[in-house]
Amino acid sequence: MDVFVIEGGRRLAGRLRVNGSKNAALPLMAAALMSDQPVVLRDVPDLADIRNMLRLLAELGCHKTNEGGARDVMCLHATERSNSHARYDIVRTMRAGICVLGPLLARRGYCRVSMPGGCAIGDRPIDLHLRGMRALGAEVSMESGDIIVKAPPGGLKGATIFLGGTFGSTVLGTANVMCAAAVAQGKTIIESAACEPEVTDLASLLTKMGAKISGAGSPRIIVEGVAQLGGADHTVIPDRIEAGTFMMAAGITNGDLILENCPTDALLSTIDRLNAVGVEIEPIEILRPAGFTADPLRQVVRVTCGRVIKPVEVTTQPHPGFPTDLQAQLMALLTLADGNSVITERIFPERFLHVAELLRMGAKIFRQGPTVIVSGVRQLTGAPVMASDLRASACLVLAGLAAEGTTLVNRVYHLDRGYERMEHRLADVGARITRISEKDAGVAEASG
Ligand code: UD1
């Protein structure tokens, strides 16, 4: 297991490109199961979760066929249909394995998917996914920890489905129901659908494949079922969580970063909170050929931050509210604010494993249930810390960039699930960060 060694206190300055979105790419890849024609995806990040999804798709008869092509382009072709079992061994490494459920049911009328189980950020049930499948007429049963879903003899039938739960809607549940409804007979209305940009991106791929979908990005999605889907060529949207993480990295190091391929339009609540903190995000005008329309999901922005970080209140919410996937990173920034901030987590109320690690670095944080008060301190101090989930790892890296002295972030395999070559990209803009093995880290700590 690898460890990041970070010498803190260096101001970040320079240019970074935001990669294609992991959370958009995973359901897009699964959608390739729905056609016997190739689906080409562009700007796919090279991440552990993506490689695990490729492994899962290959087991299900959908292979990546463009060996030797551009690194970030993926051509997926579902050529066999004999295996429709997403096994525990793979699904447990990547909870997003659940997003093969809708596509498999749509194309094959049957699927068996290992029940994903909980993870570091909470229970993560899938009752809403299954409610959607049942509403389309599917029969759902459980066997040996697997969920078995079968379409009725005449095929799936469109229906009106309410997908809201205690914590709002469900992103991957909406993706699954939208996929299944795309080839169901008749019209489906998904009410209380997730509005996340990743759902909109999936709807645009499915539309290119021949589906008839309207309203994606709003809480009511309407799908008119079609008989079958074809191939498509699609570029994944940029990763709003990676962009937000880099914005906060600029903020916590008092830096000056230019972000290319920045999905500003998908980050309005984040930008609102960062502006309140004192982080400025300005679009940079670039010369464009006549007739070229600027894409609000692919902007160039400059991110700067003054010396004083102001305290804020923030509550995580479904999109377009502040994303739970940036809560931990914002907390790192607010540990250095000039006053008390309040963070309330409304999506995953237990998602606070980073709190104890930030305390080890000198932060002052008080938690009560889903609410945390962050009392700003003048300085964090470097320490060995343990990453426990993907975004918590990013939070600890940010804290390490600002801390005095050396921070060792253990178990960076969590971070590798969602950020490609993070240490190289941060080093390119001035961070002092290296990756070493756990064995070497033990030596570094003992002699440090
Ligand atoms: C996706 C993202 C994840 C993000 C989350 C919320 C991917 C691969 N992952 O996860 O990074 O943190 O959205 O923005 O895209 N819930 C139920 N029943 C269900 C499903 C969900 O009660 O059937 C609850 C969850 O416990 C949670 C809330 O609904 O409290 C939102 O979860 P959901 O949107 O489903 O998260 P994912 O789609 O799994």
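**Helix α4**

I started with helix α4, residues 101-108, and found it largely enclosed by the rest of the structure, because seven of its eight residues are buried. Buried here means under 20% relative accessible area, exposed means over 50%, and partly exposed is in between, with a 1.4 Å probe and protein chains only. This is a predicted model, in which local features need pLDDT of at least 70 and side-chain atom pairs count only at pLDDT 80 or more, while totals for chains, interfaces and linings use all residues. Residues are numbered from 1 along each chain as its sequence is written, and side-chain values use heavy atoms, with hydrogens and water left out.

I listed the buried residues of α4: Leu101, Gly102, Pro103, Leu104, Leu105, Ala106 and Arg108. They pack against α1 (22-31), β7, α5, β9 (146-150) and α6. Helices (H or I, at least four residues) and strands (E, at least two) are DSSP runs numbered from the N terminus. Just past the helix I noted Gly109, with a positive phi of about 70°.

**Arg112**

Next I looked at Arg112, which sits in strand β7, residues 110-114. Buried or exposed, I wondered about Arg112? Arg112 counts as buried, because its relative accessibility is 16%. Its side chain makes a polar contact of 2.7 Å with the side chain of Asp146. For a polar contact I need a pair of N or O atoms within 3.5 Å; within protein, one must be able to donate a hydrogen and the other to accept it, and residues adjacent in sequence count only if both atoms are side-chain atoms. Setting aside neighbours within four places in sequence, I find Arg112 in contact (heavy atoms within 4.5 Å) with Ser84, His85, Ala86, Glu143, Ser144, Asp146, Ile147 and Ile148.

**Domains**

I then checked how the chain divides: domain 1 is 2-19 + 238-447 and domain 2 is 22-235, with bounds from an automatic or database domain assignment. Their C-alpha centres lie 30 Å apart. The contact between them takes 26 residues from domain 1 and 19 residues from domain 2.

**The ligand**

Which residues are closest to the ligand? Of the 19 residues that surround the ligand, the closest are Asp127, Leu128, Thr170, Asp325 and Ile347; a residue counts as near if one of its heavy atoms lies within 4 Å. By type I get nine nonpolar, five polar and five charged residues. Ala, Val, Leu, Ile, Met, Phe, Trp, Tyr, Cys and Pro count as nonpolar, Asp, Glu, Lys and Arg as charged, and the others, Gly among them, as polar. Helix α5 gives the most to the shell, with three residues.

I also looked up distances to ligand oxygen atoms. A polar side-chain atom of Asn23 is 3.2 Å from one, and a backbone N or O atom of Pro125 is 3.4 Å from one. For a polar backbone atom of Ile347 the distance is 2.5 Å. The protein covers 89% of the 740 Å² of accessible area that the ligand has on its own, by the Shrake-Rupley method with a 1.4 Å probe; for residues, only the protein chains shown count as cover.

**Two loop residues**

Ala403 is in the loop between α12 (390-402) and β23 (406-410). Ala403 is buried, at a relative accessible area of 1%. Leaving out residues up to four places away in sequence, I see Ala403 touching Gly8, Gly9, Met361, Gln379, Leu380, Thr381 and Gly382.

Gly165 is in the loop between β10 (160-162) and α6. I logged Gly165 as partly exposed, at 32% relative accessibility.
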